[in-house]
Structure formats: structure tokens, C-alpha cells
Amino acid sequence: YVALGARMAPFAGYEMPIQYGKGILHEHLHTRASAGLFDVSHMGQALLVGPDHRTTAAALETLVPADIAGLGLGRQRYTQFLNEQGGILDDLMVSRGPDPADDGKLVLVVNAGCKEADYVHLDLNLPDGVKLERRDDKALLALQGPQAVAVLARYDEAATAMGFMTVASLTIGGIPVFVSRSGYTGEDGFEISVANSDAVALWDLLLSNPEVEPVGLGARDSLRLEAGLCLYGHDINQETSPVEAGLTWSIQKRRRTDGGFPGYRRIMRELAEGTLRQRVGIQPQGRAPAREGTEIMDMNGELIGEVTSGGFGPTAEGPIAMGYVARDFAGVGTDVQLSVRGKLLPASLVPLPFVAHRYKR
């Protein structure tokens with residue numbers, strides 16, 4: 001990465017590329033227009049292994065609110081580990097491989113900063129017969145953008161047939177990989193799990209395509225903010241419920257009816273009665289960005305919330321932010337004020353995402 005001009009910085013215990021030589025703005029816009037390649041190997045990859053899908057899914061469902069039992073072969077689902085108060089310990093992706101021979105195995109991808117705590121949480125709560133297997137031998141690359149599918153299809157045509165939130169085993173330049181059609185940018189794209197021993201060769205192979213350029217964590221953050229996607233430890237945490245965070249869509253109907261996951265009472269109460277606060281999109285007026293921690297005021301100067309993520313949106317062509325405000329002020333179109341460097345700056349609440357998703361449906 002240094003040879004590619006990367007500026008490196010510590011992140012979640014890893015030395016990570018924040019940006020490459022052409023800068024965050026270029027990397028962001030290139031991903032939206034073509035294909036950006038991210039190394040996200042700091043994420044935690046693991047397997048849950050049980051005797052059959054029903055048993056493994058039931059074990060995981062005691063910790064998350066998603067319908068894992070109903071997860072079909074070759075499908076992926078987003079969910080959250082919850083505490084007993086309904087707060088989010090971490091958010092994660094859960095996949096069931098396409099091969100019936102792997103019945104009983106679930107693939108987990110968790111956040112880098114939470115993975116050690118997540119693994120302890122799983123070890124303490126899994127029943128006999130279901131075990132956690134860490135996959136520290138795996139790297140993870142993300143190829144994101146409208147040209148991502150054309151690039152992968154040069155090596156394995158099966159990539160073209162994949163739909164959003166499906167998984168498949170592919171072969172890229174002779175390298176076996178496990179691929180999901182998903183990502184963290186709002187664009188069409190893929191996350192590619194590969195053996196550590198093959199990771200550099202796969203990175204170099206993908207980067208040899210003219211559409212592909214390397215992208216660091218800086219543009220990853222601006223891309224996910226424009227897409228209205230939560231970042232753990234900022235937009236969601238152990239006090240935040242999925243309902244407050246606008247993640248109700250990730251709790252399927254059967255789980256709302258049957259329960260059996262931590263925080264069920266709080267979540268059902270919030271679904272029925274509403275929450276005290278709600279995650280919202282914020283459009284500051286002018287050019288000054290509202291960073292994390294910025295206080296949100298009503299038009300009378302009363303504190304009603306706080307920004308949890310904010311910055312400049314290159315595709316949105318201006319400052320954008322997300323945060324939480326009291327429910328009575330959470331309507332789209334509400335005028336608010338942001339306390340930026342001692343000044344109250346005007347802003348309004350807008351729908352999320354700031355830039356429309358372009359997933360392959």
C-alpha cells in the first residue's frame with residue numbers, strides 16, 4: 001500500500017491505508033463511477049458450526065433479532081448482536097453457503113473493533129453441539145462500484161448471475177474465493193473472502209484491471225455516510241436499539257411474533273409506541289461540515305439531539321450528517337440549528353440515504 005502512495009494510520013489495532021496518492025475525493029468519485037478496491041481484512045471472519053442448519057440457526061437466534069432459520073442456501077442477512085436492554089453490541093453479516101453439504105455452517109463477518117468481544121460473547125452463549133471457528137486465516141477484499149461485476153465476470157461468469165445479498169464460491173484467476181454481492185458503499189459490488197496466502201495475488205490481479213483503483217478508509221467512510229449506513233461505535237452502540245437506528249427492516253416478521261432474542265420487550269414496545277429519539281439525515285446549509293458530537297438545536301435554541309457522523313459528501317456536493325433527535329422533531333423537512341465552533345448554523349432534516357443505493361436487485 002505504501003508503494004501505491006498510501007497514507008497509513010492505526011485503526012482498530014491495524015495499520016490501515018487511509019488514502020492513496022490521488023486522495024479521498026478522487027477515490028470516492030472513482031468508486032461511484034467505476035470500481036474501487038478496498039482491503040477490509042481487519043474485519044472478523046468466523047464460522048458457526050452445528051449438526052444442521054436448524055440447530056445452528058436456533059443458537060444464533062438467541063443472540064440476534066434476525067430470522068436466521070429462514071435464511072436460504074446461498075443467502076446473506078444483516079443483523080445485530082443485542083444486549084438484554086436491546087442495545088447493539090455489534091452489527092454483522094450472516095451467510096449460509098450455497099452448498100447443501102455445508103448444512104449446519106453459518107459464515108459471520110463482524111467489525112474489527114468488536115470481534116474479540118463478539119467471539120467471547122459467542123463462546124459464552126452457544127449451546128453444546130454448536131461451536132465457533134475463527135477464520136483468522138482469511139483476508140477480505142471489497143470490490144465496489146458499477147464496474148465491479150464486469151471485472152469479476154472476466155474471471156468467473158457466475159458473478160453476473162448473483163443478486164444482492166447472495167453468496168457463492170467462485171474462482172478468480174485460479175484462486176478459490178467465497179463471495180457475497182454486498183458492501184458498504186451503497187453501490188453494487190462484492191466482498192471477497194480469500195485465504196491469506198492468496199490475498200496479495202488476488203489484490204494485484206484485481207488491481208491490474210483498468211477500471212479498478214485502490215481505495216482507503218477515508219473514502220469508505222464518505223461513501224457509507226452518503227449511503228446512510230451506520231458505523232458501529234458512532235451511529236449505533238450498546239445504548240442504541242435497532243428501532244431507534246432505523247434498522248427495523250432487519251427484524252423479520254417471525255422474530256417480532258416469536259421473540260426469543262435479547263431486548264425483545266424494549267424493541268416490541270418501541271415498535272408499538274415509538275422511540276424517544278430517531279436517527280435522521282441532516283443537510284447543513286452552507287459549506288461548513290458538522291462533525292460527530294455537534295449539538296443539534298431546535299429553532300428556539302433548545303438541545304434536541306447530536307450528530308453521530310458528519311462530513312463532506314463528494315457526490316452529494318456538500319456537507320451531510322446523520323444523528324439522533326427527539327422523536328417530535330424527527331420529521332423530514334424540520335428546520336434545526338447546528339452548534340459548529342460556537343455558532344448556530346441552519347440545517348434541515350432530509351431523507352436517508354443522501355445518494356440512492358444502486359444494489360443489484
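These legends walk through several close-up views of a predicted model.

**View 1. Six strands close into a barrel.**
Welcome to the barrel, whose strands follow the order S14-S17-S16-S15-S18-S19 with antiparallel pairing. From one strand to the next, the twist averages 40 degrees. Helix H7, residues 217-226, packs on the sheet and touches strand S16 (303-313) and strand S17 (318-326). The direction of H7 makes about 125 degrees with that of S16.

**View 2**
Look here at strand S14, residues 277-284, which is joined to S17 by six bridges in an antiparallel arrangement.

**View 3. Strands S18 and S19 pair side by side.**
Strand S18 covers residues 335-340 and strand S19 covers residues 343-350; the two pair in the antiparallel sense over six bridges. To get your bearings, find Asp335, which stands opposite Ser348 in S19.

**View 4. Ala347 sits among residues from other parts of the chain.**
Strand S19 is also the place of Ala347. Is Ala347 buried or exposed? Its relative accessibility is 1%, so Ala347 counts as buried. Leaving aside neighbours within four places in sequence, Ala347 is in contact with Ile282, Gln283, Pro284, Gln285, Thr334, Asp335, Val336 and Leu338. Gln337 is 10 residues away from Ala347 along the chain, and the C-alpha atoms of the two are separated by 5.6 Å.

**View 5. Five strands make an open sheet.**
Now meet the open sheet, in which the strands are ordered S5-S6-S7-S4-S8 and pair in the antiparallel sense. Why is one side of S5 and of S8 left without a neighbour in the sheet? Strand S5 (75-82) and strand S8 (131-134) stand at the edges and each has a single partner strand, so there is no neighbour on one side of each. With direction ignored, neighbouring strands of this sheet are turned by 30 degrees against each other on average. Strand S4, residues 44-49, pairs with S8 over four bridges in the antiparallel sense, and Val49 stands opposite Lys131 in S8. Helix H2, residues 53-61, lies across S4, S5, strand S6 (88-96) and strand S7 (105-110). H2 runs at about 30 degrees to S7.

**View 6. Charged side chains meet around strand S8.**
The structure holds 21 salt bridges. One of them links Arg134 with Glu116, with the closest N and O atoms 2.9 Å apart. This pair joins distant parts of the chain: Arg134 belongs to strand S8 and Glu116 to helix H3 (residues 115-125), 18 residues apart. Arg134 is partly exposed at 36% relative accessible area, and Glu116 counts as partly exposed at 43%. The side chain of Arg134 also meets that of Asp136 in a salt bridge, at 3.0 Å from N to O. Asp136 counts as partly exposed too, with 45% relative accessibility. Another salt bridge brings together Lys131 and Glu133, at 3.5 Å from N to O. Lys131 has a relative accessible area of 48% and is partly exposed, while Glu133 is partly exposed at 28%.

**View 7. Five charged residues form a network.**
Which residues are linked in this network of salt bridges? They are Glu61, Asp67, Arg254, Arg255 and Asp258.

**View 8. Helix H1 packs against several elements.**
In helix H1, residues 24-33, you will find Glu27, His28, His30, Thr31 and Arg32 buried. The buried residues of H1 pack against strand S2 (14-19), strand S3 (35-39), strand S9 (138-144), strand S13 (212-214) and H7.

Leu25, Leu29 and Phe312 make a nonpolar surface patch of about 270 Å². Phe312 is found in strand S16 and is partly exposed, with a relative accessible area of 39%.

**View 9. Leu140 is buried in strand S9.**
Finish with Leu140, which lies in strand S9 and counts as buried at 3% relative accessibility. Not counting residues up to four places away in sequence, Leu140 touches several residues, among them Phe38, Met43, Val109 and Ile192.

Note on methods
Residues numbered from 1 in each chain as written. Predicted model: local features only at pLDDT ≥ 70, side-chain atom pairs only at ≥ 80, totals over all residues. Heavy atoms only, no water. Pairing = 2+ DSSP bridges. Axes fitted to C-alpha atoms, helices over the stretch in contact; angles between N-to-C directions. Contact = heavy atoms within 4.5 Å. Patch = residues over 30% accessible without salt bridge, like charges linked within 9 Å, V, L, I, M, F, W, Y side chains within 5 Å. Areas by Shrake-Rupley, 256 points an atom, 1.4 Å probe, with all protein chains shown as cover. Salt bridge = Lys/Arg side-chain N within 4 Å of Asp/Glu carboxyl O. Buried < 20%, exposed > 50% of the residue type's maximum accessible area, 1.4 Å probe, protein only.
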